[in-house]
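Please open the structure in a viewer and keep the selection tool at hand. The stops below proceed from one residue to the larger assemblies around it.

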Protein chains: 2
Amino acid sequence: MASYNFAAGPSALPKAVLAAAREGLGDWDGNGQSVMEIPFTGEAFARIHSEAEATLRRLLAIPSDYQVLFIQGGAYGQFSLLPMNLLRGRESVDYAVTGHWSQRAANEAKRYCRVNIVADGATNGFTDIPEWPEWSLDPAAAYCHITSNETANGIQFREWPETGSVPLVADVTSDFLMAPLDIRRFGLVYASAQKNAGIAGLTLVIVHQSLLGRALPITPTVFNYELLAAANSRINTPPVWALYLAGLVFKWILAEGGLAEMAARNRRHARWLYQAIDESGFYHCRVAESARSSVNVCFELPTAPLQQQFLAEAEAQGLHNLKGHAAATGLRASLYNGVSEAAVSGLLAFMHDFARCHAPAA
Amino acid sequence: MASYNFAAGPSALPKAVLAAAREGLGDWDGNGQSVMEIPFTGEAFARIHSEAEATLRRLLAIPSDYQVLFIQGGAYGQFSLLPMNLLRGRESVDYAVTGHWSQRAANEAKRYCRVNIVADGATNGFTDIPEWPEWSLDPAAAYCHITSNETANGIQFREWPETGSVPLVADVTSDFLMAPLDIRRFGLVYASAQKNAGIAGLTLVIVHQSLLGRALPITPTVFNYELLAAANSRINTPPVWALYLAGLVFKWILAEGGLAEMAARNRRHARWLYQAIDESGFYHCRVAESARSSVNVCFELPTAPLQQQFLAEAEAQGLHNLKGHAAATGLRASLYNGVSEAAVSGLLAFMHDFARCHAPAA
């Protein structure tokens, strides 16, 4: 039986990447060492690192005045490290709260400064993104933070807010590398790797060089963006295996046709799924159409027992990890780059059958 | 040709662990997912996590009133996170500086409070550990910090200082799991994993529960020891693969005979190497005999060109990564648990031959 993983992250990796990863466990440097054993100060690691960065720069067309940092840990750590790194000489930050993760990011920033909530999606139950022309932006803010895609709520930005002279900062963790991204629109973007850039334990930060040098004195050395940039992300031992995996994923995306191709696939998969939901008269998506995430498709069934039954039968048919986020009540299918068309087709067929069996007779 | 890795970390992994790691890249959960793809909120990961912790507790006989935390990143991050987590209500900390890493740990703590250097090995050029009865301990300090083994300088504690009511805190990164450790002597110990507990990207913190709840408000949520303990180290996505590898290493140590066996092997390897150095009349170790590290054997040759030649010929014979730390001038052989007796014998034979060829005629 085929088996498919719709988890919100750590998420499914492309089979080709898993196959390539196996090489890293063997004699990788010709000296009998696996990737996990090579010194991070040596040539073998330098090659892994520089190739990964070069491929990422090519994929995203990252301008040369932006630094690419590979940092230990996940995006949640950056919720604190971001204000620590950008606050010097400023007293406040702007945050748009559009769901579970942007709320946490804003909460974390409050440890270090005044946080101005420029838009609060709680007023619509996180079913839509507040129109940006109505955001209450503060021109003195150190930056304005958004979460490009909310995994728990299934909400995604389609266009970027205009923030004038205030740098726009985005947590792009969950839709990173799923479509082209105009880096010039941002002062900084960050993404933990375990969605579309490999495995847990690594976060990518792409930052304009003008934002380096603004760290508060409390910023730990190994998490100081300016020092990381100066040391080529090697102040201390980087997460070597996670960085190796990220490089493999970047190469795979390039070989598959790049970000335009990833976007085309994802749009197709998401369109099929939302269409199936909307046309079913059985499944329901609460998110406003203009803000629906192409990454995390959240939906509900008429009753909680039916949802349980749906999950159990889906599992039995090899459709895994469709339960929604703990903070939400419904189901969720995550459509990261590693989720194949066969997986989406399998889910659609199952949803169709399940609805036919359980929908009230017309 | 045999090939051996004497790197200071990331270091050689036992071959049996590498073989076991391969299973993690295959269908690990019976649902077609590799370890790198399973959700951290699911049963499959919970099993990996709880087995790893249970094995570690057994190896070290960790008392039940100590928490085991698995944290993202390396020990250098803890240099900051440690004072952040333990300083509430205190104004200063005690640090013994015995080499490169304890110096950095002390420097980092200075971001958050007054740092009292209770012992300064710089006065002897970091060739010995200042006698602890002469340390200038402060009874009001939040804790007293030591680095159990200094990888760059090749210095290691043989006994622990008495710090009275002040909790003793140790960075045990480089000799963790190489010998039994009486956890009760410490308020907290921490170790990044890439020496003897797997791969880079994970740090273990073993902390007495009385030290939880002392975090400063600036402590990031995901790095707050109390919150990590309450959430079983799963506030956000843990470094799943690194934790899986750590569990494999713990099991391997247990199967090999536990920490007493690791200590016996390491003592034997270190004794052979220091003996070869001392008896050669050619190689030289600057560290006082009572403070010599059994982990990182640092030594020098009569001249810099000879050192270069030694490194080149060693490489050619499959003896890799013998260059010393960038902050030191000499050579270094690291004898972590993953370094086999065959590796040590190979190095000894090479050193003997090299000395015979290049030592001045008697």
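Select A:Tyr336 first, in the loop between strand S13 (331-334) and helix H9 (341-358) of chain A. Helices (H or I, at least four residues) and strands (E, at least two) are DSSP runs, numbered from the N terminus. The model is a predicted one, in which local features need pLDDT of at least 70 and side-chain atom pairs count only at pLDDT 80 or more, whereas totals for chains, interfaces and linings use all residues. Residues are numbered from 1 along each chain as its sequence is written, while chains are lettered from A and ligands numbered from 1 in the order in which they are written.

Is A:Tyr336 buried or exposed? A:Tyr336 counts as buried because it has 26 C-beta neighbours inside 10 Å. A residue is buried if 20 or more other C-beta atoms lie within 10 Å of its own, exposed if 12 or fewer, and partly exposed in between, with C-beta atoms placed from the backbone. Now display the contacts of A:Tyr336, leaving aside neighbours within four places in sequence: they are A:Ser11, A:Ala12, A:Lys195, A:Asn196 and A:Val295. Two residues are in contact if their C-beta atoms, placed from the backbone, lie within 7 Å.

Next, colour chain A by domain: domain 1 covers 15-256 and domain 2 covers 259-358. These bounds come from an automatic or database domain assignment. The domain centres, taken over C-alpha atoms, are 27 Å apart. Each domain of chain A brings 24 residues to the contact between them. On the side of domain 1, strand S6 (149-150), strand S7 (155-156) and H6 of chain A each give two or more residues. That side comprises nine nonpolar, nine polar and six charged residues. Here Ala, Val, Leu, Ile, Met, Phe, Trp, Tyr, Cys and Pro count as nonpolar, Asp, Glu, Lys and Arg as charged, and the others, Gly among them, as polar.

Proceed to the open sheet of chain A, whose seven strands follow the order S2-S10-S9-S8-S5-S3-S4 with mixed pairing. Two strands pair if DSSP finds at least two bridges between them. At the edges are strand S2 (66-72) and strand S4 (114-120) of chain A, each pairing on one side only. Within the sheet, strand S9 (188-192) and strand S10 (202-208) of chain A run antiparallel and are joined by five bridges. Zoom in on A:Ser192, which stands opposite A:Thr203 in S10(A).
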